[in-house]
Amino acid sequence: MQVFDAAKEVGERLGIAGRLDFRGTLATREGVGIVDAKTSRYLAASAHAQVGGYRLLADECGFGPSEWGAVLKLSEDGRDELVAAAAG
């Protein structure tokens, strides 16, 4: 795993800001990706859209493109699941 940035990003042109949880590489995925962690039991469409927004924002802020996006669904029992983001 290689972490690139986890700082707050602000996209003036896009008019949005956000703090992503992880941007980097994982041994199980090709290329650079963005992961947003969620603790809710249900992953709403907005969670997927948020990852897509982070991908746009990272590129806008000069961090470069991200090849994939995912939501890390955290669970109390430790059975966490990395879900490919539909919008990212």
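Mentor: Residues 24 or more positions apart account for 51% of the contacts in the chain with a separation of 6 or more, where contact means heavy atoms within 4.5 Å. The model is predicted, so that local features need pLDDT of at least 70 and side-chain atom pairs count only at pLDDT 80 or more, while totals for chains, interfaces and linings use all residues. Residues are numbered from 1 along each chain as its sequence is written, and side-chain values use heavy atoms, with hydrogens and water left out.

Trainee: Which elements does the chain have, and in what order do they run?

Mentor: The chain has 1 helix and 7 strands, and from the N terminus on they run β-β-β-β-β-α-β-β. Helices (H or I, at least four residues) and strands (E, at least two) are DSSP runs, numbered from the N terminus.

Trainee: Why is S66 called buried?

Mentor: Buried means under 20% relative accessible area, exposed over 50%, and partly exposed in between (1.4 Å probe, protein chains only). S66 has a relative accessible area of 6%, and therefore it is buried. S66 lies in the loop between α1 (45-60) and β6 (68-73). Not counting residues up to four places away in sequence, S66 touches R23, V32, G33, I34 and R55.

Trainee: Why does E67 count as partly exposed?

Mentor: E67 lies in the loop between α1 and β6. Its relative accessibility is 47%, so E67 counts as partly exposed. Leaving aside neighbours within four places in sequence, E67 is in contact with E30, G31, V32 and R55. E67 and R55 are 12 residues apart in sequence and 8.6 Å apart in space, C-alpha to C-alpha.

Trainee: What makes up the largest nonpolar core?

Mentor: The largest nonpolar core has 5 residues in all: L43, A47, V51, V71 and A85. A nonpolar core is a set of buried Ala, Val, Leu, Ile, Met, Phe, Trp, Tyr and Cys residues joined through side-chain atoms within 4.5 Å. Leaving aside neighbours within four places in sequence, the contacts of V71 include L43, A47 and V51.

Trainee: How much of the chain counts as buried?

Mentor: Of the 88 residues of the chain, 34% count as buried.

Trainee: How do the residues of the lining of the largest pocket divide?

Mentor: They divide into 1 nonpolar, 3 polar and 7 charged. Ala, Val, Leu, Ile, Met, Phe, Trp, Tyr, Cys and Pro count as nonpolar, Asp, Glu, Lys and Arg as charged, and the others, Gly among them, as polar. A pocket is an open set of points on a 1 Å grid over the protein atoms alone, where a 1.4 Å probe fits, with protein on both sides within 12 Å along at least five of seven lines; lining residues have an atom within 4 Å of a point. Among the lining residues are L74, S75 and E76.
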